[in-house]
Amino acid sequence: MQKIILTGDRPTGPLHLGHYLGSLQNRVELQKTYKSFIIMADMQALTDHSGNPEKVSSNILEVALDYLAVGIDPKLSSIFIQSQIPEISELTMYFLNLLTLNQIERNPTVKEEIKQKDFGNKIPVGFLIYPVSQAADILAFNADLVPVGADQIPMIEDTNMIARKFNQTYGQEVFKECEALVPKNFSRLVGLDGKAKMSKSLGNAIYLKDTSDELWNKVRQMYTDPEHIKLENPGKVEGNVCFTYLDAFGEDLVKIQELKDHYSRGGLGDMTVKKYVMEVLDAKLSPIRARREELAKDPAAVMSIVAQGTQEARNKVSETMSKVKAAMGIDYQV
Ligand code: TRP
């Protein structure tokens, strides 16, 4: 049997280079070997956007376009919308009984997000328990592999804890444990400002859909070495966003090393480096951009790919649900 991948994103904005490096690239490769299901986790996005559902729903098409533009192939990967598979919510309800409030509150990623989002003592319950819903996303497919960024490892640990607990509680091996696949070198791409990870909310992101002009404007803003004022000054490579991006996306390692050496010695201007960064990024992004523009001309066709993917996903989930209900003894014939 072909092994299964389940992974995806919260549709709260178009996808950026951080997504590309941290997961999209990987997915395009992996879909050749694994049956892939790609979730647009709109319900998870709603856990902190309940008052702004438009922001989530309007990004379904954007994210689907990004997926297809980078080379996710609907013949190999089923792209689906989380909320359109009610069985995932159903499974979440059963899972919620299998762990304690204490166990859920231990998840370091959720803890960190709670701080960042300034919930104070007004944490939405749905937000607090989203790792359980994410466990349902994964286990509903009995996924073998979950390619994610390093911040998602606690989610996978929770998922496996729930899988074990379910099997143990209901005395059947309904679920298998899954494995997180985290990209080795660059799990988190730093943003243009060099301060934090690339993210939409921090305004430091390069989007896959950015035009060439937008891209160049962003490359020009990249944080370099603030002490590198005169051309002849030695410059710092470490922490210099230009070099971080060259390491991440450049292919000509010899040239990159030369540039680094030259920059460190002095005599190499930021503009020269930035022009090369632009060349490297544009070479990656322009084919993606072109495909995306083409696909965007027919949104109905894109949504029909999503509808098809959602149907495939739902078929898979319903197999799991039969086993779940049988194991729990709630497969009533009514
Ligand atoms: N939590 C993931 C993120 O924020 C999105 C996600 C939802 C996901 N369900 C998933 C990832 C299941 C992997 C598997 O990016």
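Where does the ligand sit? The ligand sits in the largest pocket.

## Ground rules

This is a predicted model, where local features need pLDDT of at least 70, side-chain atom pairs count only at pLDDT 80 or more, and totals for chains, interfaces and linings use all residues. Residues are numbered from 1 along each chain as its sequence is written, and side-chain values use heavy atoms, with hydrogens and water left out.

A pocket here is an open set of points on a 1 Å grid over the protein atoms alone, where a 1.4 Å probe fits, with protein on both sides within 12 Å along at least five of seven lines; lining residues have an atom within 4 Å of a point. A molecule "sits in" a pocket if more than half of its atoms lie within 2 Å of its grid points.

## Around the ligand

There are 14 residues around the ligand, and Arg-10, Gln-44, Gln-134, Asp-137 and Gln-152 come nearest (a residue counts as near if one of its heavy atoms lies within 4 Å). By class, this shell has 6 nonpolar, 5 polar and 3 charged residues; Ala, Val, Leu, Ile, Met, Phe, Trp, Tyr, Cys and Pro count as nonpolar, Asp, Glu, Lys and Arg as charged, and the others, Gly among them, as polar. Strand S1 (4-9) gives the largest share, 4 residues, and helix H8 (130-139) supplies at least two. Helices (H or I, at least four residues) and strands (E, at least two) are DSSP runs, numbered from the N terminus.

Now for the polar contacts (pairs of N or O atoms within 3.5 Å). Ligand nitrogen atoms figure in two of the pairings: one lies 2.7 Å from an N or O atom in the side chain of Gln-44, and a polar side-chain atom of Asp-137 is 2.7 Å from a ligand nitrogen. Arg-10 puts a polar side-chain atom 3.3 Å from a ligand oxygen. Taken alone the ligand exposes 360 Å², and the protein buries 89% of that (Shrake-Rupley method, 1.4 Å probe).

## The largest pocket

This pocket has a volume of about 1400 Å³, counted as the space filled by probe spheres set on the grid points, which are joined across faces, edges and corners. Of its 47 lining residues, Arg-10, His-19, Asp-151, Arg-188 and Lys-197 are the closest to its centre. The lining divides into 15 nonpolar, 19 polar and 13 charged residues.

## The second largest pocket

Here the volume is about 190 Å³. Helix H4 (86-96) gives the largest share of the lining, 3 residues. The lining has 4 nonpolar, 7 polar and no charged residues, and Gln-44 is one of them.

Key. Polar contact = N/O pair within 3.5 Å; in protein donor to acceptor, adjacent residues only side chain to side chain.
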